[in-house]
Amino acid sequence: MCAKRFSQGSGPTQRQLRVAEVIRHRLAEVLARGDIHDPDLSRLVITVSEVTTSPDLKHATAYIMPLGGEGAEDALKALRRSKAELRHHVARDLGLKYAPDLKFELDATFDRMDDARRIFNDPRVQADVAARDEDDEE
C-alpha cells in the first residue's frame, strides 16, 4: 500500500479545502436566495464565513454570523432546524458519494479581531512598538 495515501500532516488536504469552499458558496447562495421554507431564516441575512470538513468528507461544519451579529442564537437554532433541507440543497450539485452532514457554529473570528484591535490600540502596546522601531533603526 502506498505510504502517501493518507495525509500525515496536521492540516486539511486540498480536496477537503476545495469541497469546503464549494459547500460554503452553495450554502451562502441558498440562504441568499431564500430557498429554505423557514420564515425565521428568510428574514435574516446570514454570512457563512468558513466551512471545514472531516477527512472523509461526511461531516461539514459551517461557521456563520448574522449581519450585525444581532440574533445569532436565533439564527443558529433556525439553521439547525432546517439542517435536512439545507443538506439537500447543498448536496444536489456537489457530486460526492455521500451528502455531508451539516453542523452550524457561530463564528468567533470577528470577536477575536475586535480583541486584537483593542489590544493594539492600548497606549502601552503602542509605546512598546514605538520603542522596538527605535531599536531597529539603531
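In this predicted model, the charged end of Lys 58 lies over the ring of Tyr 98, at 4.3 Å from the ring centre. Aromatic pairs, by contrast, number zero in the structure.

**Overall layout**

The protein chain contains six helices and three strands. Read from the N terminus, the order of elements is α-α-β-β-α-α-β-α-α. The chain has 138 residues, of which 27% count as buried. Among its contacts with a separation of 6 or more, 64% join residues 24 or more positions apart.

**Helix H1**

Helix H1 covers residues 14–33, which makes 20 residues. From its first C-alpha to its last, H1 reaches 29 Å, close to the 28 Å expected at 1.5 Å a residue. The buried residues of H1 are Gln 16, Val 19, Ala 20, Ile 23, Arg 26, Leu 27, Val 30 and Leu 31. They lie on the same side of H1, because they cover an arc of only 130° around the axis.

After H1 comes Gly 34, which has a positive phi near 75°.

In H3, the buried residues are Ala 72, Ala 75, Leu 76, Ala 78 and Leu 79. Their arc around the axis is only 165°, which puts them on the same side of H3. Asp 74, Lys 77 and Arg 81 are exposed, on the face of H3 turned away from its buried side. Packing against the buried residues of H3 are H1, helix H2 (39–42), E1, E2, H4 and E3.

Helix H4 spans residues 83–92. Its buried residues are Leu 86, His 89 and Val 90. Seen down the axis of H4, these fall within an arc of 95°, so they line one face of the helix. The face turned away from this buried side carries Ala 84 and His 88, both exposed. The cover over the buried residues of H4 includes H1, H3 and E3.

| H1 | Gln 16, Val 19, Ala 20, Ile 23, Arg 26, Leu 27, Val 30, Leu 31 | 130° |

His 89 is a residue of helix H4. It counts as buried because its relative accessibility is 11%, and the cut-off for buried is under 20%. Its side chain makes a polar contact of 2.6 Å with the side chain of Arg 92. Leaving out residues up to four places away in sequence, His 89 touches Arg 26, Val 30, Asp 35 and Ile 36. Two of these, Arg 26 and Val 30, are among the buried residues of H1.

Thr 53 belongs to strand E1. With a relative accessible area of 14%, Thr 53 is buried. With residues up to four places away in sequence again left out, Thr 53 touches Gln 16, Val 19, Ala 20, Ile 23, His 59 and Ala 60. Of these, Gln 16, Val 19, Ala 20 and Ile 23 are buried residues of H1.

**Loop residues**

Leu 57 sits in the loop between E1 and E2. Its phi is positive, near 65°, in a residue other than glycine. Leu 57 counts as buried, because its relative accessibility is 7%.

Gly 71 is placed in the loop between E2 and H3. At 33% relative accessibility, Gly 71 counts as partly exposed. Gly 71 and Leu 44 are 27 residues apart along the chain, and their C-alpha atoms are separated by 8.8 Å.

Terms used: Residues numbered from 1 in each chain as written. Predicted model: local features only at pLDDT ≥ 70, side-chain atom pairs only at ≥ 80, totals over all residues. Heavy atoms only, no water. Helix = DSSP H or I, 4+ residues; strand = E, 2+ residues; numbered from the N terminus. Buried < 20%, exposed > 50% of the residue type's maximum accessible area, 1.4 Å probe, protein only. Polar contact = N/O pair within 3.5 Å; in protein donor to acceptor, adjacent residues only side chain to side chain. Contact = heavy atoms within 4.5 Å. Expected span 1.5 Å × (residues − 1). Arc of directions from axis to C-beta. Phe/Tyr/Trp six-rings, centres within 6.5 Å; stacked < 30°, edge-to-face > 60°. Lys NZ or Arg CZ within 6 Å of the ring centre and 35° of its normal.
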